[in-house]
Amino acid sequence: MQAGKAAGSRDAGRPVQVTMKRGYEVLRDPHLNKGMAFTLEERQQLNIHGLLPPCFRGQDAQVYSILKNFERLTSDLDRYILLMSLQDRNEKLFYKVLTSDIERFMPIVYTPTVGLACQQYGLAFRRPRGLFITIHDRGHIATMLKSWPENIIKAIVVTDGERILGLGDLGCYGMGIPVGKLALYTACGGVKPHECLPVMLDVGTDNEALLKDPLYIGLRHKRIRGQAYDDLLDEFMEAVTSRYGMNCLIQFEDFANANAFRLLHKYRNKYCTFNDDIQGTASVAVAGLLAALRITNNRLSDHTVLFQGAGEAALGIANLIVMAMEKEGVSKDAAIKRIWMVDSKGLIVKGRASLTSEKQRFAHEHGEMKNLEDIVRDIKPSVLIGVAAIGGAFTKQILQDMAALNKRPIIFALSNPTSKAECTAEQCYKYTEGRGIFASGSPFDPVTLPSGQTLYPGQGNNSYVFPGVALGVISCGLKHIGEDVFLTTAEVIAQQVSEENLQEGRLYPPLVNIQHVSLKIAVRIAEEAYRNNTASTYPQPKDLEAFIRSQVYSTDYNSFVADSYTWPEEAMKVKL
C-alpha cells in the first residue's frame, strides 16, 4: 500500500498504516514521519530504533514545541519558513498545528505573508514542492507527470506566476501560491494532501528585477506568449486528465487578466476547472453582500454598486451579483444597470476607447470621469468595492461621502496584501462614524469605536470558498463547475453568519468555524449535483454529510504496528 494511505483499524482505534519503507526512508517521508511520536514497537518494526532520541512524545506535546518555536521568531517570513519546513518533514503535525488555531496561522501560510514569501522565494527556498513545468517541456508533459510519486491526484492548483496577488509578475517565485492554496484545501476543507498537486507553468517573466536576481529559480527570459503558450496549456490540460481522470479538479490561480478570462471560457465546459481569482473572489464578495443585506434590510437589487477596479476579480464579482439579482426576480439588463466600474482610465462608459468585451458589458451611457471622489458623488453608490490593488484609494473624503449618501454604506476593501488595501478597517469606521459595513481581503485588528463598541472586521478571504468547493466537487465527482456552484457557496457562507456575528461587525463566520462552513458548502454542492444529474460518484450515498465527512483528512497520527496474530498450535507445528 502506498505511503499516506490507511488500511484496517487497530491500536486503540487508530487507523493502521502499512508501508514497505524502512529506516531513514520512513523519517524522510513527510507522509509517514511522526518524529518522536513513534512508539518503541513501531520504531523496532520500521527499523528506526536508534535513529530517534530515546524519548516518546505525543502529538499534543509536538504541537506545543512548534508553537514555542513559532513564538520565538520575530518576523512573519521566518514563521512562514518554520511552518513550510514542518510541512516538508511531518505532514500530519503541520496540519495539526494549522487547525489548532486557523485564525492565527492562516495569515502566515497564506495572505498576507505568502505574498512576501513569494517575493523572497529564492531566499526562502528549502526543498522543492510540486511540479515545475516549463515552456521548453512541450511534448513531454505526460512524461513529467509520471515523475510525481502519487498515482491518485484529485485536485491541482496551477499558476504561471504573472499576476501574484497584487504584486504583479513574480514568475517562478509564484509557486508559493499553489503550495499555500493547497495547504488550505486540507486545513480548511479536509482534502487529503497526498491527493493534491501544486503546479508552476514557467513560461519566463517580464519582471526585469527577477531576470537580474542571482537567486531567481526560474527561466531567465521574457514571457513566451501566443500560440506556443496556448499549446502548452492545451497539452497540460490533456496530460492531467489523461493521467488522473476527467474528474481531476484543476484550479487556475493568479494568471493575468487577459489569460484568466480566456482560459476559463475555453476550458470550463470541457474540464473540471475554475478560476479562484474570478469565481472564488466573486463568491466570497457576494457572500459578504448577502450577509450585509441582513443589516441594511433590503434586497441586493435595491443597491447601486461601484467597483474601484475592473480586472478579473471585479468582473467576476459583478457577474455573480447580476446572477444573484436575477434570482431576486430582476431582469439581467436591470441588474447590469445597477453596477458601475472604474479602471485605470476612469469610469467605464459607452463609447470609451479600448474596452474589452467583459468591460463593455458594464459600460453605461454617461460622461467620462476620472477622479474617484467625483465619481462617488455623481453615481451615489450604496456599495463600494475595491479590487484594484491601489493602497489608500478610499480616501477620507470618499468614506465621508459614502456615509453622507447612505445610512449604512457597504465598503469592501478587498485588495491583497494589506499594503494594497483601499482603506483600513479603522479608517472606514472612523470616517463613516461607525456606520460603515466593512470587509477586507487581508486581516485587520478589531476596532473600538468612541462609543466603546468593539467591531471585528470581516475578512473576505477566498479560503471561505475554495476548500469547500473542492471538497464538494471531489466528493460527488462533479464534471464541470458552473457559476451556480459559486452562488450556492455564497448563500451557504452567508447563512453561517449569526446575528451575534453581525452585531460584532463580522460579515463572515469566524475563521475558527471554517471547517464546519466548508463541510456545509460541500454537502450543498453535492446535493445539487445529484439533483441535477451532474454528479459522477455512484451509487449516491444515502447520507451525503456522513459520506463527505468520511472523505475528510485526519490530522491524527496513524499506527504502524503490524497486524500480527497466531494460528492454532497444531497448525503451526513443523512437519518433517
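Predicted model: local features only at pLDDT ≥ 70, side-chain atom pairs only at ≥ 80, totals over all residues.

I started with strand E4 (residues 155-159), which pairs with E5 in the parallel sense over five bridges. Two strands count as paired if DSSP finds at least two bridges between them. In this pairing, Val-158 stands opposite Val-199 in E5.

Residues are numbered from 1 along each chain as its sequence is written, and side-chain values use heavy atoms, with hydrogens and water left out.

Next I checked E5 for another partner. Strand E3 (residues 131-134) also pairs with E5 in the parallel sense, over four bridges, and Ile-133 stands opposite Leu-201 there.

I then followed the chain from E4. E4, helix H10 (residues 176-189) and E5 make a right-handed β-α-β unit. Right-handed means that, with the strands pointing away from the viewer, the path from the first strand over the helix to the second runs clockwise.

Is strand E5 buried or exposed? Seven of the seven residues of E5 (residues 196-202) are buried, so the strand is largely enclosed by the rest of the structure. Buried means under 20% relative accessible area, exposed over 50%, and partly exposed in between (1.4 Å probe, protein chains only). I looked at both faces: Cys-196, Pro-198, Met-200 and Asp-202 are buried on one side, and Leu-197, Val-199 and Leu-201 on the other.

On to the rings. My search of the whole structure turned up 16 aromatic pairs. One of them is Phe-252 with Tyr-267: the centres are 6.1 Å apart and the planes at 20°, so the pair is stacked. The rule is that rings of Phe, Tyr and Trp (its six-membered ring) pair if their centres lie within 6.5 Å; planes under 30 degrees apart are stacked, over 60 edge-to-face, and the rest tilted.

Phe-252 lies in strand E6 (residues 249-252) and Tyr-267 in helix H13 (residues 257-267), so this pair ties together parts that are 15 residues apart in sequence. Phe-252 is buried at 5% relative accessible area, and Tyr-267 is buried too, at 3%.

I also noted Tyr-464 and Tyr-508, a stacked pair at 5.4 Å centre to centre and 20° between the planes. Both Tyr-464 and Tyr-508 are buried.

Note on methods:
Helix = DSSP H or I, 4+ residues; strand = E, 2+ residues; numbered from the N terminus.
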